[in-house]
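Please read them with the structure open beside you.

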Amino acid sequence: MTGPPPARPDTEHEGEGRARDDADVIAQSLDEPELFAGLYDRHAPDIHRYAARRLGEGAADDITAETFLIAFRTRSRYDTAHRLARPWLYGIAANLIGKHRRTEVRALKALARTGHDPVAASWSDRSDDRLTVQAPLAGALASLSTGDRHVLLLVAWADLGYQEVADALRIPLGTVRSRLNRARRKVREALSTDPAFTSAEQELNPSWTN
């Protein structure tokens, strides 16, 4: 398996009583479990992409599958006041990725040291010279704590807002802000001494310094 299957055609608006958003899908799946597949179709590609950037393509398959298995098993506890399930799903994925923190840090350090690492191949489909640009960024990310790295990359790579990150990680909004500020500062400091700073900064996210 090299990634999640493609999403099925969107038929959720067909017919009366069909699920219209994530919360409805989850609520209705309690009586009709097969409807939960709609949530997978909608969000699995993004979860897989995020996990692949963190841990590589092979691990991303397992992370994605386990994320949705956990989500399915715990869906009765989902707060349907949250109409979009993205933060919930990314939170589950982040917890699973956190269990591989040693693997992630080891891969980042290897990339920073050599400019080549299996994880790097999933970060970009461009030529090898792009991987050398990523090396200083990888070193900077490896220096962050797991919590700070989660917050930074959920904002930069998953494109979650601050409140969504707080919901995903189940931490206060103020903690998100402090972790993000600390992570940005550490990454800037690590990259500022490297001539590839500008390119590495853009590789993380064009707006990550905002």
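1. A residue is called buried here when its relative accessible area is under 20%. The model is a predicted one, and in its helix α10 the residues Val-176, Leu-180, Ala-183, Arg-184, Val-187 and Leu-191 are buried. They cover an arc of only 105 degrees around the axis, which puts them on the same side of α10.

2. The length of α10 can be checked as well: the helix runs over residues 173–192, and at 1.5 Å a residue its 20 residues should span 28 Å, which agrees with the 28 Å between its end C-alpha atoms.

3. The largest nonpolar core contains 53 residues, and those with the most contacts inside it are Leu-39, Tyr-50, Trp-88, Leu-89, Leu-141, Leu-154 and Val-165. Helix α4, residues 86–98, gives the most to this core, with eight residues.

4. Val-165 deserves a separate comment: when residues up to four places away in sequence are not counted, Val-165 touches Val-151, Leu-154, Val-155, Leu-160 and Val-176.

5. Thr-64 belongs to helix α3, residues 57–73, and with a relative accessible area of 2% Thr-64 is buried. Its contacts, leaving aside neighbours within four places in sequence, are with Tyr-40, Ala-44, Ile-47 and His-48.

6. Arg-75 sits in the loop between α3 and α4, yet Arg-75 is buried, its relative accessible area being 12%. Not counting residues up to four places away in sequence, Arg-75 touches Ile-26, Ser-29, Leu-30, Pro-33, Phe-36 and Trp-88. The C-alpha atoms of Arg-75 and Ile-26 are separated by 6.4 Å, although these two residues are 49 residues apart along the chain.

Notes. Residues are numbered from 1 along each chain as its sequence is written. This is a predicted model: local features need pLDDT of at least 70, side-chain atom pairs count only at pLDDT 80 or more; totals for chains, interfaces and linings use all residues. Side-chain values use heavy atoms; hydrogens and water are left out. Helices (H or I, at least four residues) and strands (E, at least two) are DSSP runs, numbered from the N terminus. The expected span of a helix is 1.5 Å times one less than its number of residues. Buried means under 20% relative accessible area, exposed over 50%, partly exposed in between (1.4 Å probe, protein chains only). The arc is that of the directions from the helix axis to the C-beta atoms. A nonpolar core is a set of buried Ala, Val, Leu, Ile, Met, Phe, Trp, Tyr and Cys residues joined through side-chain atoms within 4.5 Å. Contact means heavy atoms within 4.5 Å.
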